Amino acid sequence: MSEINKKEKRKKPVVKMGKLEKREARMGYLFVAPWIIGVIAFLLVPLVQSFQFMWYNIRITPQGMKFTPVGTGNFTQIWLEDPEFPQQLVTYVWQTIVEVPVIVVFALLIAMMLNEKIVARGFFRMIFFLPVIIVSGPVMNMLVSEGAATIPALNVQSVVSAFERVLPTTLAQEIGEMFSNMIMILWYSGVQILIFLSSLQKMDTNMYEAAKIDGAGGWECFWKLTLPTVKPMILISSIYTIIFLSGNEQNALINMIESAMFSGTKEKGYGYASAMAWMYAVVISLIALLFFAILGSKKDQYDRQIKKYQRQVKKEEKNKKKIQRRNERYGKTMERKIARGTIRSYDNRGDL
């Protein structure tokens with residue numbers, strides 16, 4: 001039977017794509033083509049060039065770019081002769097670890113409120129997303145210089161002194177810096193609010209009604225229904241926030257890399273800036289992996305129960321197959337013994 005099935009599978013004709021499917025495939029490639037071209041031209045090519053540049057000391061001369069191999073000299077110079085970059089790198093790590101949870105939690109709370117049936121809900125959604133459109137580079141610089149990103153009535157020093165009683169001084173100072181720029185930090189939550197809104201709007205309202213009938217309150221509904229549903233969006237929002245904060249123009253490291261790139265000194269230049277950028281990229285990747293390990297590796301309790309049940313079912317099926325194979329071997333053995341005459345078979349009356 002197995003050979004016949006193999007022959008039948010071989011004889012099955014290959015289904016060719018029709019004209020409509022081919023046209024849809026071509027249109028799909030056409031729509032994806034700008035993204036592919038953009039990735040190759042503006043991501044992969046500069047990425048390879050920057051990786052090559054960080055091993056050279058590059059100077060721009062009238063004859064063109066002059067490459068002088070320095071090996072790991074750029075990295076040594078950054079860590080030994082430029083103390084400002086490592087300090088800013090440590091500050092960035094602490095700020096990101098503190099600010100990302102604040103932005104994500106704020107975005108989730110606002111999304112839950114905007115998902116309720118309130119008057120002028122579209123207007124409030126526009127207000128919370130408006131900073132994403134308005135607050136570009138020049139506008140943000142003007143607002144920060146005018147003090148619009150801070151809370152004037154907030155005494156930051158008292159907040160820092162309060163946190164220093166229970167936390168290390170470095171972490172307390174970073175939390176105080178976050179409070180001083182609280183308005184600017186909350187401006188960064190527009191896209192995250194949309195991500196959470198899209199997840200909340202896909203939830204079935206019947207689940208909440210059934211939970212309330214069973215006696216569940218708002219807190220139980222949040223922990224048992226809302227949070228498990230938006231859990232994947234929390235990870236996505238966290239990664240997006242990390243990338244956004246890392247590439248923001250208000251980031252001091254971005255300004256340092258840019259100033260080093262266009263520096264006219266012999267020590268700095270494109271190679272020096274490329275080395276700084278690659279170290280910065282490694283730190284960003286490590287922070288993203290940290291949040292992924294915290295938010296993405298834990299499995300839900302229901303998923304564990306389902307997998308446990310599936311393993312139990314597989315184990316039972318395996319035991320049934322073992323018993324079936326054992327009975328088949330025993331039956332074949334008895335048939336051989338009966339055929340040889342070593343034992344007599346049962347007659348119709350059941351006697352030997």
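Good morning. The chain is a predicted model, in which local features need pLDDT of at least 70 and side-chain atom pairs count only at pLDDT 80 or more, while totals for chains, interfaces and linings use all residues. Residues are numbered from 1 along each chain as its sequence is written, and side-chain values use heavy atoms, with hydrogens and water left out.

I begin with the overall picture. The chain has 15 helices and two strands; these are DSSP runs numbered from the N terminus, with helices being H or I of at least four residues and strands being E of at least two. Of the 352 residues, 26% are buried. Here, buried means under 20% relative accessible area, exposed means over 50%, and partly exposed lies in between, with a 1.4 Å probe and protein chains only. The chain exposes about 25,200 Å², and carbon and sulfur atoms supply 62% of that area. Accessible areas come from the Shrake-Rupley method with a 1.4 Å probe, and for residues only the protein chains shown count as cover. As for contacts, meaning heavy atoms within 4.5 Å, those between residues at least 6 apart in sequence join residues at least 24 apart in 68% of cases.

I turn now to the strands. Strand β1, residues 56–61, and strand β2, residues 64–69, pair in the antiparallel sense over six bridges; two strands pair if DSSP finds at least two bridges between them. A hairpin through two residues joins β1 to β2. Y56 stands opposite P69 in β2, and I58 has F67 as its bridge partner in that strand.

T68 also lies in strand β2. Leaving aside residues up to four places away in sequence, T68 touches W55, Y56 and N57. T68 counts as partly exposed because its relative accessible area is 34%.

Next, the core. The largest nonpolar core has 49 residues, of which F85, Y92, F196 and M276 touch the most other members. Helix α4, residues 84–114, gives the most to this core, with 12 residues. By definition, such a core is a set of buried Ala, Val, Leu, Ile, Met, Phe, Trp, Tyr and Cys residues joined through side-chain atoms within 4.5 Å. Beyond residues up to four places away in sequence, F85 touches I78, L253, M256, M276 and M279.

Helix α2, residues 19–53, holds S50. Is S50 buried or exposed? S50 is buried, because its relative accessible area is 17%. S50 touches S274 and W278, again not counting residues up to four places away in sequence.

F31 also has its place in helix α2, but F31 is exposed, because its relative accessible area is 65%. F31 belongs to a nonpolar surface patch of about 1,100 Å², whose members include M27, L30, W35 and L47. Patches are made of residues with over 30% relative accessible area and no salt bridge, with like charges joined within 9 Å and nonpolar side chains (Val, Leu, Ile, Met, Phe, Trp, Tyr) within 5 Å. A salt bridge is a side-chain nitrogen of Lys or Arg within 4 Å of a carboxyl oxygen of Asp or Glu.

Finally, L290 is placed in helix α14, residues 270–295. L290 counts as partly exposed because its relative accessibility is 40%. Thank you.
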